[in-house]
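Morning, everyone. Please have a look at it first.

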Amino acid sequence: MKADIHPDYHTIKVVMTDGTEYETRSTWGSEGDTMNLDIDPTSHPAWTGSGGQLLARDGRVSKFNKKFGGLGI
């Protein structure tokens with residue numbers, strides 16, 4: 001294995017959008033740095049489920065049929 005090709009793996013503090021914080025190991029930053037998150041699982045619609053109604057209003061099958069329904073075979 002080649003020497004000195006791996007990044008430094010150290011402990012950092014992560015602060016969530018609601019103010020909670022925890023320590024983890026990462027290659028981001030340097031030892032003791034603090035990562036402040038703008039988006040996390042407590043605030044992002046992908047995890048909270050809000051905003052999903054925009055995609056579900058008009059289903060993909062009905063969109064396809066509306067767009068290509070008149071072509072008929």
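This is a predicted model: local features need pLDDT of at least 70, side-chain atom pairs count only at pLDDT 80 or more; totals for chains, interfaces and linings use all residues.

Residues are numbered from 1 along each chain as its sequence is written, and side-chain values use heavy atoms, with hydrogens and water left out.

Start with His10. It sits in strand S1, residues 10-15; strands are DSSP runs of E, at least two residues, and helices are runs of H or I, at least four, numbered from the N terminus. Buried or exposed? His10 is buried, because its relative accessibility is 2%. Buried means under 20% relative accessible area, exposed over 50%, partly exposed in between, with a 1.4 Å probe and protein chains only. A polar atom of the His10 side chain lies 2.8 Å from the backbone oxygen of Trp28. His10 also touches Thr24, Arg25 and Gly29, among others, leaving aside residues up to four places away in sequence. Contact here is heavy atoms within 4.5 Å.

Next, charges. How many salt bridges are there? The count is one, taking a side-chain nitrogen of Lys or Arg within 4 Å of a carboxyl oxygen of Asp or Glu. Lys13 and Glu21 form it, at 3.7 Å, N to O. Lys13 is partly exposed, at 29%. Glu21 is partly exposed too, at 49%.

Last, Phe64. Its place is helix H3, residues 60-68. That's the tour.

Terms used. A polar contact is a pair of N or O atoms within 3.5 Å; within protein, one must be able to donate a hydrogen and the other to accept it, and residues adjacent in sequence count only if both atoms are side-chain atoms.
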